[in-house]
Amino acid sequence: MHADLVSETLAPLAQVAAWAARGTSASKIARLCTQNDPAQLAPLLGRLGVTAPGPAPFDAATADDRNSLTSLPLAAWNALAAQKGGTVPYANTGQVHQVIPALMLTDALRRSQF
């Protein structure tokens with residue numbers, strides 16, 4: 001999935017929202033980590049009960065912490081690179097592609113009941 005294109009994120013997110021709504025939701029968990037503008041995803045995020053608290057970057061979750069949204073646009077990555085003394089700004093998602101799965105796994109473990 002191409003992280004920069006909302007059009008590529010909407011279809012999988014619609015499938016996740018439909019899955020979450022089927023049957024019992026007590027054991028279902030949905031996590032989204034995206035570089036997309038959450039305002040463009042708002043209708044589907046609403047179906048998951050997640051509301052963007054404001055402009056990105058941010059992390060938001062439902063009251064029961066089952067569904068969450070982390071928004072880290074390229075501007076956030078560029079600001080971090082500058083803060084850490086990076087000499088090359090992040091120009092595309094490929095440069096942060098490997099970091100995102102690690103962040104998602106860390107977040108899932110942090111929120112889990114393990």
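A search of the whole structure, which is a predicted model, finds 1 cavity of 30 Å³ or more. The volume of the largest cavity is about 30 Å³. Its lining is formed by Leu-13, Ala-30, Leu-32, Leu-45, Leu-48, Val-50, Asn-67, Ser-68 and Leu-69. Two elements, β1 (30–34) and β3 (67–71), each give two or more residues to this lining, and the largest share, 3 residues, comes from β3. Sorted by class, the lining of the largest cavity holds 7 nonpolar and 2 polar residues, with no charged residues.

**Overall organisation**

The protein contains 4 helices and 3 strands. Read from the N terminus, its elements follow the order α-β-α-β-β-α-α. The protein has 114 residues, of which 31% count as buried. Among contacts between residues at least 6 apart in sequence, 55% join residues at least 24 apart.

**The second largest pocket**

The second largest pocket has a volume of about 200 Å³. Its lining comprises Arg-31, Leu-32, Cys-33, Asp-59, Thr-70, Leu-72, Leu-103, Met-104, Thr-106, Asp-107 and Arg-110. The elements giving two or more residues to the lining of this pocket are β1 and α4 (99–111). Helix α4 makes the greatest contribution to the lining, with 5 residues. By class, the lining of the second largest pocket has 5 nonpolar, 2 polar and 4 charged residues. Leu-32 is listed in the lining of the largest cavity and also in that of the second largest pocket.

The two linings are set out below.

| Space | Volume | Nonpolar | Polar | Charged |
|---|---|---|---|---|
| Largest cavity | about 30 Å³ | 7 residues | 2 residues | no residues |

**Packing of α1 and α2**

The axes of helix α1 (residues 6–21) and helix α2 come within 9 Å and cross at roughly 10 degrees. Because of this crossing angle, α1 counts as roughly parallel to α2, the limit for that class being under 35 degrees. On the side of α1, the contact is made by Val-6, Thr-9, Leu-10, Leu-13, Ala-14, Ala-17 and Ala-18. On the side of α2, Gln-40, Leu-41, Leu-44, Leu-45 and Arg-47 take part. The residues of this contact divide into 9 nonpolar, 2 polar and 1 charged. Leu-13 and Leu-45 belong to this helix contact and are also among the residues that line the largest cavity.

**Pro-55 and Ser-71**

Pro-55 is located in the loop between α2 (38–47) and β2 (58–61), whereas Ser-71 lies in strand β3. Pro-55 has a relative accessibility of 73% and therefore counts as exposed, since the class begins over 50%. Ser-71 has a relative accessibility of 0% and so counts as buried, the limit for that class being under 20%.

What does Ser-71 touch, not counting residues up to four places away in sequence? Its partners are Thr-34, Asn-36, Pro-38, Ala-56, Pro-57 and Phe-58. Among them, Thr-34 falls within β1 (30–34), Pro-38 within α2 (38–47) and Phe-58 within β2 (58–61).

Notes. Residues are numbered from 1 along each chain as its sequence is written. This is a predicted model: local features need pLDDT of at least 70, side-chain atom pairs count only at pLDDT 80 or more; totals for chains, interfaces and linings use all residues. Side-chain values use heavy atoms; hydrogens and water are left out. Buried means under 20% relative accessible area, exposed over 50%, partly exposed in between (1.4 Å probe, protein chains only). On a 1 Å grid over the protein atoms alone, a cavity is a set of points where a 1.4 Å probe fits but cannot get out, and a pocket is an open set with protein on both sides within 12 Å along at least five of seven lines; lining residues have an atom within 4 Å of a point. Grid points are joined across faces, edges and corners, and a volume is the space filled by probe spheres set on the points. Ala, Val, Leu, Ile, Met, Phe, Trp, Tyr, Cys and Pro count as nonpolar, Asp, Glu, Lys and Arg as charged, and the others, Gly among them, as polar. Axes are lines fitted to C-alpha atoms, for helices over the stretch in contact, and angles run from 0 to 180 degrees between N-to-C directions. Angles under 35 degrees count as roughly parallel, over 145 as roughly antiparallel, 65 to 115 as roughly perpendicular and the rest as oblique. Contact means heavy atoms within 4.5 Å.
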